[in-house]
Amino acid sequence: MKKKHAYLILAHNEFPILRKLITLLDDNRNDIFIHFDKKVNNLPELFVNNARLFVLENRVDVRWADVSVVEAELILFENAFHKNAYQYFHLLSGVDMPIKSQDEIHQFFDKHDGKEFIGYYQQDNKIEIKRKVKRFHIFPKSFRKDNGLINISKKLFRSLHLVLQEKLNIERNSGTNFKKGTQWVSLTSDFVELIIKKRKEIEKMYSNTFCPDEIFIQTICWNSDFRGNIYNKQDEGLGCMRYIQWVDNQIIDWRSDDFDKLVSSPYLFARKFSSKDLNIVNLLVNHLSVNQ
């Protein structure tokens with residue numbers, strides 16, 4: 001019996017990239033689940049020939065750095081977990097791409113079956129963790145809205161509120177050993193089951209925090225029996241098998257001249273891509289279609 005994989009995709013724009021991503025995941029060993037941001041009014045038409053495709057009806061209004069990102073992920077995990085028995089659950093964004101063939105990806109996870117592919121940030125981040133999840137952030141759905149008097153006022157009040165908490169030494173979630181890393185992961189069914197069981201606890205703990213999507217999975221795994229199953233604790237990229245270009249704390253889009261670097265790398269997936277350079281995506285599709 002073939003071991004099936006579930007691909008869980010968070011999408012809100014760049015639908016030409018999403019269509020190419022679906023093309024490369026369209027394999028009878030895969031089921032694909034997509035959560036479109038509730039703010040998307042016109043959903044793109046998507047087609048598969050071999051995989052099963054599920055577009056979630058229960059959609060969240062996802063706001064950058066807010067717990068709503070976590071809520072969308074939890075909905076994806078729950079829908080997939082209750083749909084079928086999967087060997088692995090892969091969380092991707094709609095602007096990610098596989099950079100290995102499906103045969104190579106399935107062989108890799110067969111070889112390392114039982115490992116959790118979670119990237120862990122390697123630098124000291126105690127101050128960052130305290131600011132993000134040990135303080136109470138007001139107006140969390142407006143983190144990215146800086147224009148207009150109302151939003152500028154929200155930003156000011158949020159900053160003052162954080163300063164007051166610092167002065168009064170107010171610290172929430174003080175008993176938890178938090179860890180941080182990229183939100184994009186590949187998880188076993190057993191670990192996904194644990195996440196689902198902790199859903200209410202997760203939503204309560206991370207409400208009014210900042211960027212909890214980079215923290216909650218790493219923290220749950222680190223503080224559980226699954227910690228011993230982490231594939232690579234020393235290298236964040238290899239830990240999750242995602243190739244991500246960081247420059248000055250910003251993720252840089254992959255471009256056409258990165259093709260050789262991408263396909264020769266040890267990683268399985270890469271992010272992120274842009275319709276400003278669809279050629280790199282087409283190069284990957286052509287390359288992987290030949291090697292499927």
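1. Of the contacts in the chain with a separation of 6 or more, 75% are accounted for by residues 24 or more positions apart, where contact means heavy atoms within 4.5 Å. This is a predicted model, in which local features need pLDDT of at least 70 and side-chain atom pairs count only at pLDDT 80 or more, whereas totals for chains, interfaces and linings use all residues. Residues are numbered from 1 along each chain as its sequence is written, and side-chain values use heavy atoms, with hydrogens and water left out.

2. On overall dimensions, a compact globule with 292 residues would have a radius of gyration near 19 Å, and the chain, at 19 Å, agrees with that; the radius is taken over C-alpha atoms, and the globule rule is 2.2 Å times the number of residues to the power 0.38. Taken along the principal axes, the box filled by the C-alpha atoms is roughly 60 × 45 × 35 Å.

3. The chain holds 11 helices and 10 strands, which are DSSP runs numbered from the N terminus, with H or I over at least four residues for helices and E over at least two for strands. Buried residues make up 51% of the 292 residues (buried means under 20% relative accessible area, exposed over 50%, and partly exposed in between, with a 1.4 Å probe and protein chains only).

4. The axes of helix α2 (residues 67-83) and helix α7 (residues 199-206) come within 10 Å and cross at roughly 170 degrees, the axes being lines fitted to C-alpha atoms, for helices over the stretch in contact, with angles from 0 to 180 degrees between N-to-C directions. That makes α2 roughly antiparallel to α7 (angles over 145 degrees count as roughly antiparallel, under 35 as roughly parallel, 65 to 115 as roughly perpendicular and the rest as oblique). From α2 the contact takes in V67, V70, E71, L74, I75 and E78, and from α7 it takes in R199, I202, E203 and Y206. These residues divide into 6 nonpolar, no polar and 4 charged, where Ala, Val, Leu, Ile, Met, Phe, Trp, Tyr, Cys and Pro count as nonpolar, Asp, Glu, Lys and Arg as charged, and the others, Gly among them, as polar.

5. A cis peptide bond, with omega about 5 degrees, joins R271 and K272, and K272 lies in the loop between β10 (269-271) and α11 (278-291). F139, in the loop between α4 (126-133) and α5 (149-167), has a positive phi near 55 degrees although it is a residue other than glycine, and F139 is partly exposed at 34% relative accessible area. C211, in the loop between α7 and α8, also has a positive phi near 55 degrees, but C211 is buried at 8%.

6. R227 sits in the loop between α8 (216-222) and α9 (236-240) and is partly exposed, with a relative accessible area of 36%. The C-alpha atoms of R227 and K115, 112 residues apart along the chain, are separated by 9.6 Å, while R227 touches C221, W222 and K233, not counting residues up to four places away in sequence. P16, in helix α1 (residues 15-25), is partly exposed at 36%, and the C-alpha atom of P16 is 6.8 Å from that of S275, 259 residues apart along the chain.
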